[in-house]
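Thanks for making the time today.

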Amino acid sequence: MDEPKHPKNPLTRCPFAGLGAVSAAVMSSTDSSILGVSTMFTRNVFVNVFYPKASDRFTVWFLRGIVVINTIIAMLIAIYVKTVYGLYLICSDLVFILLFPHLTLVVHAQRFTNKYGMVVGFSLALILRLLAGEPVLKYNAIVKFPYYKEPSTD
């Protein structure tokens, strides 16, 4: 009689259960992050700044659309960025360029800030950062700021 191809020892299936558990944890963290970001954007930007009289029903539909948009953005970044280090660079770059100035102003110069200035500042910082190019995402700079260094072709 031939030996069975799969051993009957239940411990051989243990790595698959562990991999499934890790995958479930990663998916849970990912969908929580996407829902959190979408909710914060909907509440803090859309409702508080642009459309304060929005009904709950309209806000929920807007939130659903933002979830879809954020999911597509996250998917594209995950597809095009090939290294974890590249993801770290993008995230830290966005935090320090987009969020840190606003946090600093709100904490240390609160009387000089308002919600419209924050939206304009965030939008301007995002546009300038996107125009500066990103080697990790493989798109070239449109605006070359002082001390700009051409990416190597290696």
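How many positive and how many negative side chains does the chain have, and how far apart do the centres of the two sets lie? In this predicted model, there are 14 positive and 8 negative side chains, with 12 Å between the centres of the two sets.

Turning to the overall fold, the chain holds 4 helices and 0 strands, so that reading from the N terminus the order is simply α-α-α-α. The radius of gyration is 22 Å, whereas a compact globule of 154 residues would come out near 15 Å, and the C-alpha trace spans about 80 × 50 × 30 Å along its principal axes. Of the 154 residues, 18% count as buried, and carbon and sulfur atoms account for 71% of an accessible surface of about 12,600 Å².

Now to the rings. The structure holds 7 aromatic pairs, and one of them joins Phe46 and Phe58 in a tilted arrangement, with 5.9 Å from centre to centre and 40° between the planes. That pair links distant parts of the chain, since Phe46 sits in helix H1 (residues 14-50) and Phe58 in helix H2 (residues 56-80), 12 residues apart. Phe46 counts as buried because its relative accessibility is 12%, under the 20% cut-off, while Phe58, at 41%, counts as partly exposed. Phe58 also pairs with Tyr51, and because their planes stand at 85°, with centres 5.6 Å apart, that pair is edge-to-face. Tyr51 is partly exposed, at 37% relative accessibility. Finally, ring pairs link Phe41, Phe46, Tyr51, Phe58 and Phe62 into a cluster.

Terms used. Residues numbered from 1 in each chain as written. Predicted model: local features only at pLDDT ≥ 70, side-chain atom pairs only at ≥ 80, totals over all residues. Heavy atoms only, no water. Helix = DSSP H or I, 4+ residues; strand = E, 2+ residues; numbered from the N terminus. Rg over C-alpha atoms; globule rule 2.2 N^0.38 Å. Buried < 20%, exposed > 50% of the residue type's maximum accessible area, 1.4 Å probe, protein only. Areas by Shrake-Rupley, 256 points an atom, 1.4 Å probe, with all protein chains shown as cover. Lys, Arg positive; Asp, Glu negative; His and termini not counted. Charge placed at Lys NZ, Arg CZ, Asp CG, Glu CD. Phe/Tyr/Trp six-rings, centres within 6.5 Å; stacked < 30°, edge-to-face > 60°.
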